[in-house]
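Hi,

Here is the structure I promised to hand over. Have a look at it first, and then read my notes below.

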Amino acid sequence: MTTDRIYLDYSASTPVDGRVLEAMLPYFQQHFGNPSSIHRFGQRAEGAVESSREQMAAALNCQPHEIVFTSCGSESDNLALRGAALAARQQRGANHILISPVEHHAVARTAEQLAEVFGFEVERLPVDEYGRVSPQEVARRLRPDTAVVSIIHANNEIGTLNPIAEIGALCRQRGIPLHTDAVQSGAHFPLDVAALNVDLLSLGAHKFYGPKGVGALYVREGTPLLPTQTGGSQELGRRAGTQNVPYIVGMATAFALVQQEHAERAAHERALRDRIIGRVLEEIPAARLTGHPEERLPNHASFVFRGVDGNQLLILLDAAGFACSSGSACKTGNPEPSEVLTAIGLPRAWALGSLRVTVGKDTRPEEVERFLDALPELVEKARLHNGEHGESP
Ligand SMILES: Cc1ncc(COP(=O)(O)O)c(C=O)c1O
């Protein structure tokens with residue numbers, strides 16, 4: 001990759017921070033033992049896993065035994081939803097699952113499987129034009145047989161933040177566990193699980209300058225959860241399999257850096273984000289911001305352009321040296337409008353032309369200016385290519 005390529009897709013993934021890589025390296029060759037082994041090699045590895053757990057717990061304001069290490073954010077979501085749903089059914093015959101229509105596929109597809117294969121009734125909450133769930137709508141739909149509620153903290157496609165603490169307080173009053181997917185927000189905000197009133201919270205390290213292939217799930221003490229990966233008794237029996245020691249060390253180091261540096265990172269990113277939003281809306285015709293104008297991730301700008309094929313625009317941008325996304329990374333190549341953009345009520349001719357621009361802690365203002373200088377012409381090109389087949393807004 002040439003150095004003059006400009007990466008503006010930090011919500012898809014981030015590079016591993018040099019300090020994180022340095023912390024990980026000794027655990028590949030020097031301290032390589034299996035954390036479950038009795039001998040000193042094992043003890044050394046176990047020590048690293050346990051101090052990483054303490055670090056994660058301190059950052060999240062919970063107890064170390066409430067942290068389960070997983071292989072990614074998707075696995076954390078799977079374990080939370082499937083594990084809580086099956087446990088609630090086993091313990092109290094609960095059969096109802098409440099989710100938002102703007103969940104990441106890791107939650108949405110898991111809920112679909114729970115409905116199709118396991119016979120759960122999955123209900124989707126309404127959202128407003130910004131993709132926000134109203135706590136009152138949650139309260140209205142909670143039932144004695146609700147097994148679990150899952151609401152995304154910060155949406156990956158449109159950046160909107162949900163009022164999780166309020167929703168959590170309502171769920172707690174009724175004794176129903178609340179899961180939140182904090183894979184995006186974990187990169188930007190200090191997350192206090194006590195203040196958020198959540199029972200389950202998912203994280204994935206590669207969104208916050210940690211390695212890919214490692215994640216964590218917070219499980220509040222006493223929350224019923226059936227393991228979905230069975231075998232050894234690792235992770236207090238909640239997730240079998242030898243822990244990925246270097247990656248766990250990397251995640252804990254990266255998460256500690258988020259806690260130390262989040263204010264400075266957010267101030268830097270927010271200024272760039274606001275510059276992007278301002279210039280795009282001013283300079284590009286038939287463009288709209290998607291997601292909430294204020295209650296959104298500090299690094300996240302997302303738009304729709306009427307009559308544009310979003311994938312075509314990404315290809316043109318890539319050819320011009322800019323890496324962006326049209327929604328979540330997994331949706332690239334999917335010609336259907338995204339479920340999230342449909343859920344917020346956008347007509348097809350707008351929803352197909354989505355663009356997500358996400359900056360990082362090291363993005364430079366001149367990179368953003370180069371991108372903004374190039375974008376209007378590329379949008380016009382993509383619009384012409386598409387024959388501007390747009391319906392009216
Ligand atoms: C909101 C959200 N949840 C879950 C995931 C999945 O995380 P991972 O890539 O670690 O499996 C992502 C990644 O794009 C995400 O943005």
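Let's start with Thr70, which lies in strand 2. (Helices, H or I with at least four residues, and strands, E with at least two, are DSSP runs numbered from the N terminus.) Before going on, keep in mind that this is a predicted model, where local features need pLDDT of at least 70, side-chain atom pairs count only at pLDDT 80 or more, and totals for chains, interfaces and linings use all residues. Residues are numbered from 1 along each chain as its sequence is written.

Is Thr70 buried or exposed? Thr70 counts as buried because it has 28 C-beta neighbours inside 10 Å. The cut-offs are these: buried takes 20 or more other C-beta atoms within 10 Å of the residue's own, exposed takes 12 or fewer, and partly exposed is in between, with C-beta atoms placed from the backbone. Leaving aside neighbours within four places in sequence, Thr70 is in contact with Glu75, Ser76, Leu79, Gly215, Ala216, Leu217 and Arg239. (Contact means that the two C-beta atoms, placed from the backbone, lie within 7 Å.) Thr70 and Gly204 are 134 residues apart in sequence, but 8.8 Å apart in space, C-alpha to C-alpha.

Gly204 turns up again around the ligand: of the 16 residues there, Cys72, Gly73, Ser74, Asn156 and Gly204 come nearest. (A residue is near a molecule or strand if its C-beta atom, placed from the backbone, lies within 6 Å of it.) Helix 4 (residues 73-92) gives the largest share of this shell, three residues. By type, the shell has five nonpolar, nine polar and two charged residues. (Ala, Val, Leu, Ile, Met, Phe, Trp, Tyr, Cys and Pro count as nonpolar, Asp, Glu, Lys and Arg as charged, and the others, Gly among them, as polar.)

Next, the core. The largest nonpolar core has 116 residues, and Ala84, Ala85, Ile97, Ala216, Tyr218, Ile248 and Met251 touch the most other members. (Such a core is a set of buried Ala, Val, Leu, Ile, Met, Phe, Trp, Tyr and Cys residues joined through C-beta atoms within 7 Å.) Helix 9 (residues 245-283) gives the most to this core, twelve residues. At least three core residues come from each of domain 1 (6-13 + 262-385) and domain 2 (18-257); the domain bounds come from an automatic or database domain assignment. Not counting residues up to four places away in sequence, Met251 touches Ala205, Gly210, Val214 and Ala216.

How do the domains meet? The centres of domain 1 and domain 2, taken over C-alpha atoms, are separated by 28 Å. 24 residues of domain 1 are in contact with 24 residues of domain 2. On the domain 1 side, the elements giving two or more residues are helix 9, strand 10 (300-305) and helix 11 (339-343), and helix 11 has the largest share, three residues.

Helix 10 (residues 310-319) is worth a look too. Gly310, Leu313, Leu314 and Leu317 are buried in helix 10. Seen down the axis of helix 10, these buried residues fall within an arc of 100 degrees (that of the directions from the axis to the C-beta atoms), so they line one face of the helix. Their cover includes strand 11 (322-323), strand 12 (354-358) and helix 13 (365-385).

Cheers
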